[in-house]
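Colleague: I would like to go through this model with you, from single residues out to the whole chain. Please keep to what the coordinates give.

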Amino acid sequence: MFKRYNIYKIIIVYAYLITPFFCIEAQILPFPNSYSNYSDTLKIKNIVRISGHTPNNYIKNVLEQDIFKGIKVTYTASHGNISFQNDNLLPAEAYNIDINNKGIIIKSSSLNGYIYAIQSLRQIVIHSSPNTRSFQFTTIKDEPRCKYRSFMLDSGRQYQKIETIKKYIDLMSLLKMNYFHWHLTEGLGWRIEIKRYPKLTSIGSNVARGKEQQGYYSQAEVKELIIYAKERGITIIPEIDIPGHSEAALASYPSLGCTEDSIIIPENGFTDQLFCAGKDSTLFFLKNVFLEICNLFPSQYIHIGGDEAPKGKWNKCSLCQSKIQALGLKDSNQLQLWLMTQIAEYLKTQGKYAICWEDVIHHDFTKELPNNLIIHWWNWRGHKDEAFNKACTLGIPVICGTNYYTYLNFPDKPWKGYAQDRTSSVYDVYYRNESLPRLSHKNTLGMSCCLWTDYGLTEDLLDQRLFPKIFILANQMWSNSTITLNDFLTVLIKKKKFYSPLGYTYTINRYSKSDFNKSTTP
């Protein structure tokens with residue numbers, strides 16, 4: 001016969017498992033796959049003993065400086081309050097947490113899984129007193145919905161300080177994202193040191209004249225960020241955008257263009273000033289640049305751009321037209337695909353995958369694409385799901401990151417270059433994200449969200465764009481949760497006391513049906 005206490009415990013567990021309200025009470029973001037809460041509480045006072053192999057220094061620091069700050073932390077071979085246990089049967093990035101009267105058991109088969117477990121643990125710890133930590137008895141079994149979960153920051157148009165980038169890497173780790181897509185080159189600035197071509201930074205990093213539009217990252221700084229991100233479970237994917245969005249590079253080395261005359265740096269948007277695909281010297285230059293990028297970044301993925309490349313100058317360039325004839329191509333669009341293919345094939349020799357924006361497969365092509373190519377589907381506004389469908393037909397992996405509605409730069413209300421048709425509400429992001437229905441497709445690698453910094457989106461404005469939408473998108477990447485938007489916002493209101501001390505500030509507005517009806521419709 002069950003005791004009344006055990007019956008009460010079962011009722012509580014059952015209640016949490018059968019209703020989405022458990023997500024609100026759990027207050028772990030992203031929401032775990034499986035979360036069972038019990039009525040009892042584990043208390044750790046004065047000293048905490050950690051057994052098993054502590055996975056890395058970042059986890060050790062979170063335990064000592066955050067979760068158990070002010071409490072003595074020791075490490076022991078066995079019988080710890082907290083135990084790290086390897087479980088090779090768990091999928092990659094999955095983790096389990098079991099909190100009971102014996103302590104806290106954390107299981108995973110990977111470093112990232114342990115990091116995600118710690119990020120969950122720090123969200124549910126109760127600071128009972130300066131020398132006491134409490135944890136409600138809990139069982140969590142969790143793993144990501146998507147293999148690839150990325151946040152992109154545009155450092156090409158606007159330069160951000162290293163500390164600012166670290167701030168958002170920390171946020172990504174908290175939200176269990178695993179890839180930081182770093183947009184490093186633009187018409188407004190070349191931001192990464194390439195030792196073979198120093199003018200890219202001595203000139204190219206300073207071509208724009210706006211606020212926070214000058215500067216670059218040395219290779220030493222990049223290495224520091226790569227290590228910083230890796231410790232937090234994040235791989236940095238660099239993007240070197242070709243053949244367009246290249247005005248800063250062409251201002252540095254004019255011979256790489258078709259006309260070699262004075263380069264116009266756009267204040268916003270882009271021009272038809274492209275790397276000249278008709279010159280062998282251009283391909284030589286690009287391979288040298290990507291060789292340094294490959295040697296610098298351990299990432300298996302390198303993003304090579306390929307978007308928004310008007311062919312006006314290529315159509316008039318005798319060298320480009322001669323190259324088209326020599327290769328038996330149809331037009332300048334096929335010439336771009338040829339150039340992208342050359343770089344993708346070169347990256348393959350370096351053991352890398354090449355990610356391209358969807359633009360490269362909108363036109364006909366004459367030869368089979370490289371088998372290391374990945375398509376980044378983004379332009380729902382312009383082409384709906386054409387690129388996604390074409391990539392899937394070709395058997396090419398796809399990253400879903402549609403501008404409806406994973407573009408964090410789209411403001412809530414019209415702003416500078418963002419008219420009404422380029423705005424999005426939290427309702428849009430929560431219920432109308434066009435990437436979501438495609439996440440279960442066998443060709444889908446995962447999902448991305450992007451923060452472009454055009455029209456002078458300076459550092460002081462970034463949080464306004466990020467929050468609260470990035471919480472929604474990160475949860476969509478990780479969890480299959482189906483709670484309502486207002487319930488989700490209830491969680492975010494409660495989470496402010498967790499995020500505010502970490503330097504992330506945001507406001508949450510409650511929404512009514514009338515607000516939802518005003519939302520942008522694709």
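Modeller: One definition before we start: contact means heavy atoms within 4.5 Å. Bear in mind that this is a predicted model.

Colleague: Which residues is I104 in contact with, leaving aside its neighbours within four places in sequence?

Modeller: I104 sits in strand β6, residues 103-108. Its relative accessible area is 1%, and buried means under 20%, so I104 is buried. With neighbours within four places in sequence left aside, the contacts of I104 are L42, N81, I82, S83, I97, D98, I99, L121 and F135.

Colleague: What separates the C-alpha atoms of I104 and N81?

Modeller: N81 is among the contacts of I104. Along the chain the two are 23 residues apart, and their C-alpha atoms are separated by 6.1 Å.

Colleague: Which residues touch the most other members of the largest nonpolar core?

Modeller: In soluble globular proteins, nonpolar side chains tend to be buried together. The largest nonpolar core here has 119 residues. Those touching the most other members are F151, F180, W182, I192 and F297.

Colleague: What is F297 in contact with, leaving aside its neighbours within four places in sequence?

Modeller: W182 and I192, listed with F297 for the core, are also among the contacts of F297.

Colleague: Is F285 buried or exposed?

Modeller: F285 lies in helix α9. Its contacts, not counting residues up to four places away in sequence, are Y197, L200, Y253, L256 and F275. Y197 is 88 residues away in sequence, with a C-alpha to C-alpha distance of 8.8 Å. The relative accessible area of F285 is 3%, under the 20% limit, so F285 is buried.

Colleague: D280 is also found in helix α9. Is D280 buried or exposed?

Modeller: K323 is 43 residues from D280 along the chain, and their C-alpha atoms are separated by 9.8 Å. The relative accessibility of D280 is 59%, and exposed means over 50%, so D280 is exposed.

Colleague: Which residues is Y346 in contact with, leaving aside its neighbours within four places in sequence?

Modeller: Y346 is in helix α12, residues 332-349, and at 17% relative accessibility it counts as buried. Beyond the neighbours within four places, Y346 is in contact with K287 and L291.

Colleague: Now the backbone. Where is P243, which a cis peptide bond joins to I242?

Modeller: The omega angle of the cis bond joining I242 and P243 is about -10°. P243 has its place in the loop between β13 (235-242) and α8 (247-252).

Colleague: What is omega for the cis peptide bond from Y404 to Y405?

Modeller: Y405 lies in the loop between β17 (398-400) and α15 (426-431). The bond from Y404 to Y405 is cis, with omega near 0°.

Colleague: What is the relative accessible area of N46, which has a positive phi although it is not a glycine?

Modeller: The phi of N46 is about 70°. N46 is found in the loop between β1 (34-45) and β2 (47-51). N46 counts as partly exposed, with a relative accessible area of 43%.

Colleague: And what is the relative accessible area of E260?

Modeller: E260 also is not a glycine, and its phi is positive, about 60°. Its place is in the loop between α8 and α9 (280-296). E260 is partly exposed, at 46%.

Colleague: What percentage of the residues is buried?

Modeller: The accessible surface comes to about 21500 Å², and carbon and sulfur atoms hold 51% of that surface. Of the 522 residues, the buried ones make up 60%.

Notes
Residues numbered from 1 in each chain as written. Predicted model: local features only at pLDDT ≥ 70, side-chain atom pairs only at ≥ 80, totals over all residues. Heavy atoms only, no water. Buried < 20%, exposed > 50% of the residue type's maximum accessible area, 1.4 Å probe, protein only. Areas by Shrake-Rupley, 256 points an atom, 1.4 Å probe, with all protein chains shown as cover. Core = buried A, V, L, I, M, F, W, Y, C linked by side-chain atoms within 4.5 Å. Helix = DSSP H or I, 4+ residues; strand = E, 2+ residues; numbered from the N terminus.
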